Amino acid sequence: MSEIISPNMLKTFELCPKKYFFRYKKSLSVPVNNEIFKTGKNIHALASYYLKKENIDNLEPALNPKEKEIWNYLKNTKYFSYETVHTEYNLAVKIGKHFFGGRLDALVKDGEKYYILDYKTGSAPKNSKYDFQTMIYMLAVRAFFKTDNISFVYIDLKNRAEIVIDLTKDLALEYENKLSEITKEINKGIYPAKHTNCKTCEYRIICYDKVD
Ligand code: SF4
């Protein structure tokens, strides 16, 4: 594996190695076209302009009523009043022989403390502390900015809630170990079916291992 490993790649492998095989080894992608996805794109774009202090006067009126409600909640969170370090920011970190990375929604700063922001138009991950996105982005910001003074903030726009995970040295070590373990599994090159979500899996039409 020589590419940058993304949180989505690891999530897919954990969910079903066979699905990982279809998506990342065979490059079979399935278009996503739903309302949550469209709303998410609009809110992410607007948030990025806003944090970069660009003029959004012409963009806000284009939001539909539901998007407006979400946007008003998001821009009034305390994190949007902090100093913007980056938005829509690609970052990677090397752990062992592999690079892990992805694109942060936003990185803001309050004094010496960094906050990685992630807006979710669906719900936040169930186990946010050990979500691959949390692990990779925390370690990447830690390596780049040379500090442990970092929190990951999931802003759950569906339930209007914020989930905050604070980094510690021990947690960083635990994250590194977890990422190394799963890449060892992926590198074995075996992709068994796991049947975690066959009913809703986008590859069920072509997958002979699916269960109904
Ligand atoms: S249909 Fe089931 S077994 Fe096949 S890739 Fe999807 S989740 Fe895995």
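Strand 2 and strand 3 first: they run antiparallel, joined by 11 bridges. Strand 2 covers 83-95, and strand 3 covers residues 98-110. Strands here are DSSP runs of E, at least two residues, and helices are runs of H or I, at least four, numbered from the N terminus. Two strands pair if DSSP finds at least two bridges between them. This is a predicted model: local features need pLDDT of at least 70, side-chain atom pairs need 80 or more, and totals for chains, interfaces and linings use all residues. Numbering runs from 1 along each chain as its sequence is written, and side-chain values use heavy atoms, without hydrogens or water.

Back to the hairpin. A92 stands opposite G101 in strand 3. The hairpin has 2 residues between the strands, and G96 takes a positive phi near 65°.

Next, N76. This residue sits in the loop between helix 4 (65-75) and strand 2. Buried or exposed? N76 is exposed, because its relative accessible area is 62%. The cut-offs: buried is under 20%, exposed over 50%, partly exposed in between, with a 1.4 Å probe and protein chains only. A polar atom of the N76 side chain lies 2.7 Å from the backbone oxygen of N72. N76 and H86 are 10 residues apart in sequence, and 19 Å apart in space, C-alpha to C-alpha.

Last, L28. It lies in the loop between helix 2 (17-25) and helix 3 (35-51). L28 counts as partly exposed because its relative accessible area is 35%.

Definitions and conventions. A polar contact is a pair of N or O atoms within 3.5 Å; within protein, one must be able to donate a hydrogen and the other to accept it, and residues adjacent in sequence count only if both atoms are side-chain atoms.
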